[in-house]
Amino acid sequence: MLSYCEVIKFYDAFGKRQDKQFYEKAAINDLIEQGQFDEAKNIIEFGCGTGKLASRLLACITPDSCHYLGVDISQTMVSLCRKNIGSFSERATCYKTEGESRIDAPDQTADRFISTYVLDLLTEEDAISLLNEAHRVLLPGGYLCLASLTHGISFVSRIVEILWRRLYQLKPFIVGGCRPINLKKYLQNDQWHVVHDPVIVSYGVPSEVVIAKRL
Ligand SMILES: C[S@@+](CC[C@H](N)C(=O)[O-])C[C@H]1O[C@@H](n2cnc3c(N)ncnc32)[C@H](O)[C@@H]1O
């Protein structure tokens with residue numbers, strides 16, 4: 001795994017190139033379609049990156065009154081996100097963390113918790129702690145909306161997964177610390193009701209999308 005320092009080093013340097021990750025597009029479109037964002041009132045995003053998803057949601061999909069809070073460990077990403085959500089500054093904000101899963105938000109105040117292509121670079125312990133945090137900040141009935149790299153489901157996507165794993169084993173830095181995981185495995189049955197969980201293959205790369213209702 002990459003340490004927090006290595007993650008910061010990678011994503012501070014990677015910056016805007018994150019938005020060119022073509023294989024993420026199909027999974028993120030699915031997450032937007034299934035996450036009922038047209039009814040969202042208060043969104044929290046962990047590992048918000050450049051704020052591309054946030055600005056898309058705020059500009060075209062969520063109600064005009066919807067609030068947004070993004071957090072990220074990389075100062076470069078936080079600066080890019082602040083720029084991207086700048087025109088919604090009276091209701092959208094973003095801050096830098098030190099890597100901890102704790103989010104500066106009261107219990108049961110958000111109705112959407114998003115994290116795309118982040119759990120696949122966290123340790124298992126951090127991923128579980130993040131999902132507990134998502135459970136704490138979400139209102140009952142609120143939606144957890146996740147996407148990540150996952151295991152292949154077809155010949156091509158299995159080959160891609162094998163190659164990706166090889167690169168990861170060789171040097172996690174090459175692939176930004178991300179490795180294929182099974183998102184659903186992290187969700188506890190007494191906390192979440194999974195309503196949508198497809199594997200979407202785009203350009204041979206398999207991604208898992210999870211939409212789960214907070215119990
Ligand atoms: C692969 S990028 C995904 C960015 C964005 N969610 C997207 O889908 O384009 C991973 C992001 O998670 C952030 N990140 C990684 N570990 C983190 C942590 N422990 N706490 C907060 N942000 C983290 C990185 O800085 C980076 O912006």
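Ala, Val, Leu, Ile, Met, Phe, Trp, Tyr, Cys and Pro count here as nonpolar, Asp, Glu, Lys and Arg as charged, and the others, Gly among them, as polar. The model is predicted: local features need pLDDT of at least 70, side-chain atom pairs count only at pLDDT 80 or more, and totals for chains, interfaces and linings use all residues. Residues are numbered from 1 along each chain as its sequence is written, and side-chain values use heavy atoms, with hydrogens and water left out.

Next, show the polar contacts (N or O atom pairs within 3.5 Å). A polar side-chain atom of Q18 is 3.2 Å from a ligand oxygen atom. Of the 590 Å² of accessible area that the ligand has on its own (Shrake-Rupley method, 1.4 Å probe), the protein covers 96%.

Then select L149, T150, V160, E161, W164, P180, V205 and P206, which line the largest cavity (on a 1 Å grid over the protein atoms alone, a set of points where a 1.4 Å probe fits but cannot get out; lining residues have an atom within 4 Å of a point). The volume of this cavity is about 40 Å³. Its lining divides into six nonpolar residues, one polar and one charged.

How values were computed:
Polar contact = N/O pair within 3.5 Å; in protein donor to acceptor, adjacent residues only side chain to side chain. 1 Å grid on protein atoms, 1.4 Å probe; cavity = no way out; pocket = protein on both sides within 12 Å on 5 of 7 lines; lining within 4 Å. Points joined across faces, edges and corners; volume = space filled by probe spheres on them.
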